[in-house]
Amino acid sequence: GAMRLGDWVLTRLISVAVHGLDVAISLGRDPWTTSSALLLSRTVLAELLGGPLPERLCWDDLDLLIVGTGRRSLTGWEREVLGRYAERFPLLS
């Protein structure tokens, strides 16, 4: 189906950000990306979650990108805090 240009650009931005995570992980480096990419990724991942991200998780935007894309699995405690929303992870893969 048709996709708006802005939505397509968002998909590319997230793909590049996640690719950077994969490269960093492969090289044993700390993951990084730009603050703009993290902000936009957070917006998309929060929408995919379908509910509020519990503050108790204390995730920053990079944590959400890493866990939300399956680069790290949820811990048991994170699953408990997320409750029914834990089943949605990874939000993107």
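I began with the largest pocket of this predicted model, which holds about 290 Å³ of space.

I sorted the lining by residue type and got seven nonpolar, five polar and three charged. By element, α1 gives the most, with six residues. Both α1 and α2 supply at least two residues each.

I turned to α2 next. Helix α2 runs over residues 35-49, 15 residues in all. I compared its reach with expectation: 21 Å from the first C-alpha to the last, close to the 21 Å expected at 1.5 Å a residue.

Which residues of α2 are buried? I found A37, L38, S41, V44, L45 and L49. They lie on the same side of α2, because they cover an arc of only 140 degrees around the axis. An α-helix has 3.6 residues a turn, so residues three or four places apart point the same way. On the other side of α2, I noted S35, L39 and E47 as exposed.

I checked what covers the buried residues of α2, and the cover includes α1 (5-27) and α3 (61-68).

I picked out S41, which is placed in helix α2. Is S41 buried or exposed? I put S41 down as buried, because its relative accessible area is 1%, under the 20% cut-off. Leaving aside neighbours within four places in sequence, I listed L13, I14 and L65 as the contacts of S41.

Last, I looked past the end of α2. G50 follows the helix, and its phi is positive, near 85 degrees.

Terms used. Residues numbered from 1 in each chain as written. Predicted model: local features only at pLDDT ≥ 70, side-chain atom pairs only at ≥ 80, totals over all residues. Heavy atoms only, no water. Helix = DSSP H or I, 4+ residues; strand = E, 2+ residues; numbered from the N terminus. Expected span 1.5 Å × (residues − 1). Buried < 20%, exposed > 50% of the residue type's maximum accessible area, 1.4 Å probe, protein only. Arc of directions from axis to C-beta. Contact = heavy atoms within 4.5 Å. 1 Å grid on protein atoms, 1.4 Å probe; cavity = no way out; pocket = protein on both sides within 12 Å on 5 of 7 lines; lining within 4 Å. Points joined across faces, edges and corners; volume = space filled by probe spheres on them. Nonpolar A, V, L, I, M, F, W, Y, C, P; charged D, E, K, R; others polar.
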